[in-house]
Amino acid sequence: MRALTWQGTRRVRVEDVPDPRIERPDDAIIRVTSTAICGSDLHLCEVLGPFLDAGDVLGHEAMGVVEEVGSAITHVAPGDRVVVPFTISCGRCFFCRRGLDSQCETTQVTEHGTGAALLGYSTLYGQVPGAQAELLRVPHADHGLMPVGDELPDHRYLFLSDILPTAWQGVRYADVPEGGSLAVLGLGPVGQLAARIGALQGARVMAIDPVPARREMAARHGVETFAPGEDAVAAIREGTAGRGPDAVVDAVGMEAHGSPAAHAAHRAVGLLPDALGRAALEKAGVDRLAALHTALDLVRRGGTVSLSGVYGGAASPMPLLRMFDKQLQLRMGQANVRAWTDTLMPLVEDPADPLGLDDLVTHRLPLEEAPAAYDMFQRKHDGCVKIVLDPARSAA
């Protein structure tokens with residue numbers, strides 16, 4: 001089959017790799033009909049390179065059609081249309097029963113002290129081959145696979161795999177009071193959805209992003225938008241009685257601009273030999289914290305900051321004095337996908353499209369164009385917000 005593989009820092013390539021096969025009774029094989037590029041994939045191309053091997057298959061957002069199932073799978077059959085969560089979880093352990101499937105004890109990567117294994121996401125999270133491919137093996141498919149209908153296009157369901165539950169969890173963790181105010185930092189795919197969810201739930205939503213096309217998209221969904229800078233922070237503060245918003249969702253994470261020293265450190269680590277790079281990230285890694293520091297500064301006293309953007313630093317400095325003085329709550333974590341999907345499915349299937357999913361995908365490209373798509377997404381060119389890849393397998 002054809003698949004997108006990691007080849008080195010900022011180098012990916014579509015190539016032939018062996019077809020996956022059923023390895024356990026609870027496995028399933030999916031023919032991928034749509035797979036998306038996520039901001040988290042960009043981290044693998046630069047910061048987290050020491051935890052990858054050349055040839056690793058990337059990608060963790062996918063849906064498609066069941067090709068084959070293991071003997072333990074009874075809720076889906078070949079020919080069924082399904083969505084694949086990016087977290088690999090058993091659904092039965094202590095954490096899964098408590099809605100914390102991203103901490104699944106069955107698939108935790110104990111070698112690195114990390115949570116549940118993830119599709120297509122480095123040795124830190126199990127080195128499971130990813131979804132930017134024609135075929136995908138889904139472990140623990142008895143819990144993970146979500147059957148969906150045949151009437152709606154892929155893009156109405158695809159984002160249940162990751163970014164929609166991530167955004168929903170981010171807003172839930174933000175704990176916005178009824179009729180309150182929410183600021184969203186970053187209007188990439190997760191930020192777009194978090195802003196729309198906040199608005200749908202009745203909050204006044206304000207968002208900051210440097211890219212005009214992303215601000216224009218958010219504005220179409222009732223979001224007040226601002227370009228980054230002191231003027232944006234001042235305007236949001238002024239618009240909230242001088243206090244700041246009740247909550248802030250940081251949907252940027254380690255990709256933040258405005259942290260040149262940490263950015264240089266990320267690039268340097270990505271160029272180190274793997275053993276040295278792993279040690280540097282696990283023991284002394286720092287993040288680009290500009291967005292997080294903005295969130296902590298902007299939120300009102302007694303408010304909540306919710307982190308949906310990914311951070312990976314093991315030694316990132318935090319302004320604890322200011323956080324303590326402002327009496328802030330800070331919530332974060334990998335999305336517990338299956339904890340939210342039953343709630344989200346009716347919104348996804350609503351004919352009125354209350355989350356505006358028909359207005360999120362800006363580019364749909366063949367899998368063979370994935371390297372160029374990664375570059376476009378990284379550079380935010382051509383109005384790019386969300387790219388979906390089509391890995392439709394050729395008749396040959």
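Arg2, Asp16 and Glu368 are linked in a network of salt bridges. This is a predicted model, and a search of the whole structure turns up 19 salt bridges but zero disulfides.

**Salt bridges between separate parts of the chain**

- Asp353 and Arg156 meet through their side chains in a salt bridge, with an N to O distance of 3.8 Å.
- Asp353 sits in the loop between helix 12 (337–349) and strand 14 (363–366), while Arg156 belongs to helix 3 (residues 154–157), so this pair ties together parts that lie 197 residues apart in sequence.
- Both partners, Asp353 and Arg156, are buried.
- Another salt bridge joins the side chains of Arg301 and Asp325, at 2.9 Å from N to O.
- That pair links distant parts of the chain, 24 residues apart: Arg301 is in the loop between helix 10 (290–298) and strand 12 (304–307), and Asp325 is in helix 11 (residues 320–325).
- Asp325 has a relative accessible area of 46%, so this residue is classed as partly exposed.

**A salt bridge inside one helix**

- Asp375 forms a salt bridge with Arg379, and their closest N and O atoms are 2.8 Å apart.
- Asp375 and Arg379 are separated by about one helical turn because they are four residues apart in helix 13 (residues 370–379).
- With a relative accessible area of 36%, Asp375 is partly exposed.

- Asp41 is found in helix 1, which covers residues 39–45.
- Although buried, Asp41 has no salt bridge; Lys386, the nearest side chain of opposite charge, is 6.9 Å away, and a salt bridge needs the nitrogen and oxygen to be within 4 Å.
- The side chain of Asp41 does make a polar contact of 3.3 Å with the side chain of His60.
- Beyond its neighbours within four places in sequence, Asp41 is in contact with Ala36, Gly59, His60, Gln132 and Tyr374.

**Cysteines**

- The search of the whole structure finds zero disulfides.
- Cys93 is in no disulfide, and the nearest cysteine sulfur, that of Cys96, is 3.7 Å away; a disulfide would need the two sulfur atoms within 2.5 Å.
- Cys93 counts as buried because its relative accessibility is 9%.
- Cys38 has a relative accessible area of 7%, so Cys38 is buried too.

Conventions. Residues numbered from 1 in each chain as written. Predicted model: local features only at pLDDT ≥ 70, side-chain atom pairs only at ≥ 80, totals over all residues. Heavy atoms only, no water. Buried < 20%, exposed > 50% of the residue type's maximum accessible area, 1.4 Å probe, protein only. Helix = DSSP H or I, 4+ residues; strand = E, 2+ residues; numbered from the N terminus. Lys, Arg positive; Asp, Glu negative; His and termini not counted. Polar contact = N/O pair within 3.5 Å; in protein donor to acceptor, adjacent residues only side chain to side chain. Contact = heavy atoms within 4.5 Å.
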